[in-house]
Amino acid sequence: MNDLIKILDHHPLGQEEMRFVYSSALVRAARENDRVVSVNCDLSSSTGTVPFTNEFPDRSFNVGIQEANGCGVAAGLSATGFIPFYHSFAVFSSRRICDQVFQSCAYAGLNVKIIGCDAGVSATYNGGTHMAFEDIGVLRSIPEITIVEPSDSAMMSALVPLIRDIYGVVYMRTPRKQVADIYPAGTAFELGKAALLREGSDVTLIASGMLVVEALGAADTLAKEGIQARVVDMFTIKPLDQACVLDCAQRTGAIVTAENHNIIGGLGSAVAELLSEECPVPLARVGVGDQFGEVGTQEYLMERFGLTAEQIVRKAKQVMARKKG
């Protein structure tokens, strides 16, 4: 059973953009370990790595707009004992370099950390070509890869040193701009173990990334109607915390997943695969359908693709009705 983690009473928009929170965490990680290096694909400003380059110019490598080559460079740096953090937009850190991640990094047994910025609807005005709804699905089938998605600034600060210190290929997807604050600064997390944010006995809401705060809002709405929703932040999508998912299924008998990703191949798929084999219960997935992205504000895009607390509430009621049936 996962222990309940303390969260903030209110969830205001964070004061600092996630790329800058990440940058500060990476600089600290590099100060503590001189093997940490950065590989960038001409996106230092977008990914927030300018401060790293300024402090560690000899440990920074900008390969230009050559994403696949950059992944190969990261693999080579790992082979010589460094801990490379590779940076690009999530679409390029997954779709474009999938073969290099598989062959040069994972199959070779190397130690490469891949950062995918502007994941999902957080790509906003970059539009459909740059809106990664499928990055988790592209990379999740690679053996032994770890996939994480921080849901706020406190978690981002905690995860960077954790992924630095485990050996292997890690993919971290993240938005560029501010997100809502969920956790107090200094909260500790464990890779591979979900964060239980709220107890409940009627339905479980398992969310990741930007959808965690939406799940908390949905739980508040459901509570007003007498429905007690359990809320889980599944920030490690691979390896999935199977014990947590199965415990939730047994305790509540109905589950809704919520993610800033296509419902094909992401968190919802991972949960569905486990439940279908081990503990079948009514399940609904909140996420992007079988669609391409488009240009718009983040608020518009979340409404457009149904990534809202209101949609989670609707799905929760649907799975509860199926459970009763």
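Helices (H or I, at least four residues) and strands (E, at least two) are DSSP runs numbered from the N terminus, and angles run from 0 to 180 degrees between N-to-C directions, with axes as lines fitted to C-alpha atoms, for helices over the stretch in contact.

I noted that this is a predicted model, in which local features need pLDDT of at least 70 and side-chain atom pairs pLDDT 80 or more, while totals for chains, interfaces and linings use all residues. Residues are numbered from 1 along each chain as its sequence is written, and side-chain values use heavy atoms, without hydrogens and water.

I then traced the sheet, which is open, with five strands in the order β7-β9-β8-β11-β12 and mixed pairing. β7 (195-198) and β12 (283-288) are the edge strands, each with a single partner, so one side of each has no neighbour in the sheet. From one strand to the next the twist averages 25°.

I checked β11 (residues 255-262) against β12 and found parallel pairing over five bridges, where pairing requires at least two DSSP bridges between strands. Asn262 stands opposite Val288 in β12.

Last, I compared the helices: the axes of α10 (residues 242-252) and α11 (residues 267-278) come within 10 Å and cross at roughly 60°. Gln242, Val245, Leu246 and Ala249 in α10 meet Val271, Leu274, Leu275 and Glu278 in α11.

Note on methods. Contact = heavy atoms within 4.5 Å.
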